[in-house]
Amino acid sequence: MDGTETRQRRPEELGLPPALSTGRLPAASEDGPLTVPESQRVTSKLLGTELSKETALSIGFQVTVPFMFAGLGLSGAGILLNYFQHWPVFVEVKDLLTLVPPLVGLKGNLEMTLASRLSTAANTGQIDDPREQHRVINSNLALIQVQATVVGLLAALVALLLGAASRGELDFAKVELLCASSVITAFLAALALDSRFLTPVVCIGFMALTPVWVLIAKQNPPIMKILKFGWFPIILAMVISSFGGLILNKTISKEPYKGMAIFTPIICGVGGNLVAIQTSRISTYLHMWSTPGVLPLWMKKFWPNPCSTFCTSEINSMSARVLLFLVIPGHLIFFYVIYLVEGPSVPNSKVFVAFYLLAGLIQVTILLYLAEVMTRLTWHQSLDPDSHCIPYLTGVGDLLGTGLLALCFLISWLLRSEAELDGISELASGPS
């Protein structure tokens with residue numbers, strides 16, 4: 001957002017009476033029917049006037065630097081995963097690989113949901129009071145700790161069930177390890193692999209902290225309501241991501257898919273990051289320009305024409321174009337960084353690179369359109385898009401990214417094999 005001025009301006013600086021600064025989050029952050037005070041709607045309209053002055057260039061400058069830093073971090077994650085996949089614990093417990101997309105996605109969608117909620121609150125002047133800032137931030141951090149602990153354990157159970165469904169048997173001996181891994185990371189769980197007692201202690205210890213986080217979250221009633229009723233989006237997102245993990249599990253050790261481990265965090269993370277930015281922007285836009293349950297006249301259609309999502313002069317369409325334009329140059333930079341580090345182990349044929357870029361572009365295009373649709377639907381239902389849309393979209397992004405990436409490797413391998421067969425046939429036929 002054009003956030004520097006917007007966040008720092010108080011109602012009195014805009015020529016409004018001090019009473020317009022509410023100093024607390026409105027019901028717009030809750031999961032039930034939402035209400036926004038009239039005074040805050042007036043402030044939001046004025047702040048929205050500044051929002052409408054944003055240009056594609058200003059949006060690009062704001063997004064590019066964090067996008068590049070995040071992408072480099074994802075590249076590092078891919079390089080590490082490519083190294084760790086050969087560790088004995090990953091070879092013996094294949095279900096750990098199934099956990100990678102849902103846990104990476106869970107961490108991402110919880111933090112991006114948190115950032116989106118705080119961004120909306122800051123841009124609409126809801127946390128100008130310093131005391132309110134501490135209360136809101138602490139309760140939000142406690143909320144994601146509870147969600148991460150509980151859903152992390154559920155992710156381990158889903159990985160076990162998916163593994164059992166694909167193998168036809170359930171390995172109860174690995175339950176403790178998977179549960180510990182989902183809470184503290186596969187690396188620390190691997191250190192505890194030879195202990196029968198440490199893994200249950202770790203799980204119990206982290207679960208024991210949950211009541212503490214709940215008590216902190218109680219400081220903020222809207223956050224407490226999310227804690228009570230906001231589980232469905234993140235649990236469903238975790239289940240969707242787990243199917244992406246199953247794809248990774250089934251392909252990572254096969255020759256045609258050599259390199260899947262490196263690129264999976266990147267393609268999933270890039271799509272998730274970009275769609276989270278767009279969702280947060282649309283959500284803030286709706287909080288500024290409308291009332292919960294009522295869509296602006298120019299956003300009345302639940303299923304807008306894709307051209308209106310990407311090809312109009314409207315501010316959200318402009319930001320969608322900017323984010324879409326970042327996909328190919330971003331992936332090329334991350335690909336080059338990985339190639340410099342990993343060298344020959346990275347598939348570098350022109351065919352693979354072309355299909356990989358196309359996959360990333362298709363993934364982000366679908367996600368940005370779904371972001372437009374889902375924010376309209378959730379807002380129409382008087383639900384907060386900040387808390388409901390991002391988990392679904394990142395889950396879908398993980399599944400799309402992993403599936404399209406596997407397809408890229410498969411097509412590239414088939415074309416390469418066909419070319420090799422043609423070459424062998426020509427050699428065998430010899431000169432006539």
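Me: Helix 15 (residues 315-325) and helix 17 (residues 350-380) pack at an angle of about 160°, with their axes 10 Å apart. Why are helix 15 and helix 17 called roughly antiparallel?

Reply: The axes are lines fitted to C-alpha atoms, for helices over the stretch in contact, and angles run from 0 to 180 degrees between N-to-C directions. Angles over 145 degrees count as roughly antiparallel, under 35 as roughly parallel, 65 to 115 as roughly perpendicular and the rest as oblique. The angle here is about 160°, and the two helices are therefore roughly antiparallel. Helices themselves are DSSP runs (H or I, at least four residues), numbered from the N terminus.

Me: What should I keep in mind about the model?

Reply: This is a predicted model, in which local features need pLDDT of at least 70 and side-chain atom pairs count only at pLDDT 80 or more, while totals for chains, interfaces and linings use all residues. Residues are numbered from 1 along each chain as its sequence is written, and side-chain values use heavy atoms, leaving out hydrogens and water.

Me: What makes Arg-376 and Glu-372 a salt bridge?

Reply: A salt bridge needs a side-chain nitrogen of Lys or Arg within 4 Å of a carboxyl oxygen of Asp or Glu. The closest N and O atoms of Arg-376 and Glu-372 are 2.8 Å apart, so the pair meets the definition. A search of the whole structure finds one salt bridge.

Me: Why are Arg-376 and Glu-372 separated by about one helical turn?

Reply: Because they are four residues apart in helix 17. Both Arg-376 and Glu-372 are buried.

Me: How do you know whether Ser-382 is buried or exposed?

Reply: Buried means under 20% relative accessible area, exposed over 50%, and partly exposed in between (1.4 Å probe, protein chains only). Ser-382 has 15%, so this residue is buried. Ser-382 is found in the loop between helix 17 and helix 18 (385-429), and its phi is near 60°, a positive value in a residue other than glycine. Most residues other than glycine have a negative phi.

Me: Why is Thr-64 called partly exposed?

Reply: Thr-64 has 29% relative accessibility, so it counts as partly exposed. Thr-64 is placed in helix 3 (residues 56-84). Its C-alpha atom is separated by 7.7 Å from that of Leu-326, 262 residues apart along the chain.

Me: And why is Leu-340 called exposed?

Reply: Its relative accessible area is 55%, so Leu-340 is exposed. Leu-340 lies in helix 16 (residues 327-342).
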